[in-house]
Amino acid sequence: MKSPISLQDLRRKIYVKAKAEPAWRFWGLYVHVCKIETLQEAYLLAKKNKGAPGVDGVRFEAIEEAGVDEFISQIREELVEGKYRPLQVRKVGIPKSDGKIRTLSIPAIRDRVVQGALKLILEPIFEADFQPGSFGYRPKKSAKDAVYRVSEAIVTGKTHVIDLDLRAYFDNVRHHILFEKVARRVNDKDIMRLLKQIMKVTGKRGVPQGGVISPLLSNIYLNEVDRMLEKAREVSKNGQWYAMEYARYADDLVVLVHSHPKNDWLRRALPKRLEEEFAKLQVEINEDKSRTVDLQRKGESFNFLGFQFFRVQTKTGKWMAFLLPQAKKRTELKRKLKKVFRSHRSQPINQVIEIINPILAGWVRYFAIGNSSRSFSDVRWYVEKRVRRHLSQSRGRKGFGWKRWSTQWLHEVLGLFRDYKLERPWLQQKASPVR
């Protein structure tokens, strides 16, 4: 008797098939979405990501108490019998740095599990189609990889930068275009019916920010843009060297072209081609926030994934990428920390530190790949002052207690985060000679 294939092996086989046959349309996928193993893995992933409950108010604790096996069996039964219907999403407004509100759509846990199972089966198909310059929400890819790619492009003289901003991208994805793109690779009416049910819950257009499958769908939608950029990159190739580079992370896209005059045609052609590709998708470029930057001009810079990028010359005459945390990212961090200190004013400092340490660790870990030493010093100084003020106020005193508590004591005794280390960038070591 043939033993059943594991989920991991199944995903690998799907990926290999999709990579080998780019025109193949997969069928018989729905049965794999409904498998207990797939749903169990989707549940574990949903639990790992935590998150707030949906409209039904059901939390993971309640599911665990009632029995996970029964919870998953019920979902499977609904899927197999065609009775599954996703619940409405819970809308949550998240303030943005520009004062606007980002709306998250939080599905119920049961719906996160179904979306997760669907993603587990569809992801390897489309991963085989995705391009090297796409980094957002993909296995074994990260924002750090995208930052390195852009930095290396700057180092190798690609100083003409097209910095694109898409207007409300996630809210304006056209469902009919998205379904057509999925159907090019999926010939399974049950999969398409399930996908349409999931998308219909949040309206007639857009992919819900907060949905488990949304990042995959948003990458599928923009993959043709990536293909066009990849072809342009190949056209610019000279031996092993490329005159153009690009990096996309979700809806954040930058294109970099070498400054040599022979690439003027490429610099002129790319904005037009990008407009054409986005027009096909009915995605609008935000002209107010999109811009073209020449890093060869003194002081010119652009922003990407929270970093501000410059091109600077070293004392030895080499060029390097210089990247700092954007000023607004430091401001957002301080605002978040300030809120913690204010809301825990009457709490012991140990409890406050337990809350702020993970926030600091995550922020520092993300920005440690740049030239962030001054920003780190600024943040460290701010945090230490807030801790000192908290200690003084809890004792009915004024000031910061500079003599009373040493900096060493704050870190070694109280356990305040202090690992503000930079990853020494290889980007400086690969700097190219002045051209």
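## Cavities, a helix crossing and selected residues

Helices α6 and α10 (214–235) each supply at least two residues of the lining of the second largest cavity; helices here are DSSP runs (H or I, at least four residues) and strands likewise (E, at least two), numbered from the N terminus. The model is predicted: local features need pLDDT of at least 70 and side-chain atom pairs count only at pLDDT 80 or more, while totals for chains, interfaces and linings use all residues. Residues are numbered from 1 along each chain as its sequence is written, and side-chain values use heavy atoms, with hydrogens and water left out.

A search of the whole structure finds two cavities of 30 Å³ or more. A cavity is a set of points, on a 1 Å grid over the protein atoms alone, where a 1.4 Å probe fits but cannot get out, and lining residues have an atom within 4 Å of a point. Volume is the space filled by probe spheres set on the points, which are joined across faces, edges and corners.

| Cavity | Volume | Lining by class |
|---|---|---|
| Largest | about 80 Å³ | eight nonpolar, two polar, one charged |

Ala, Val, Leu, Ile, Met, Phe, Trp, Tyr, Cys and Pro count as nonpolar, Asp, Glu, Lys and Arg as charged, and the others, Gly among them, as polar.

Y137 lies in the loop between α6 and α7 (143–155). Its phi is positive, about 55°, although Y137 is not a glycine. Most residues other than glycine have a negative phi. At 46% relative accessibility, Y137 is partly exposed, a class between buried (under 20% relative accessible area) and exposed (over 50%), with a 1.4 Å probe and protein chains only. L305, in the loop between β9 (302–304) and β10 (307–313), likewise has a positive phi of about 55°, but L305 is buried at 13%.

F367, in helix α13 (residues 349–367), is also buried, with a relative accessible area of 4%. Beyond its neighbours within four places in sequence, F367 is in contact with G306, F307, P325, K329, S372, F376 and L422, contact meaning heavy atoms within 4.5 Å. The C-alpha atoms of F367 and F307 are separated by 7.9 Å, although these residues are 60 apart along the chain.

Technical notes
1 Å grid on protein atoms, 1.4 Å probe; cavity = no way out; pocket = protein on both sides within 12 Å on 5 of 7 lines; lining within 4 Å.
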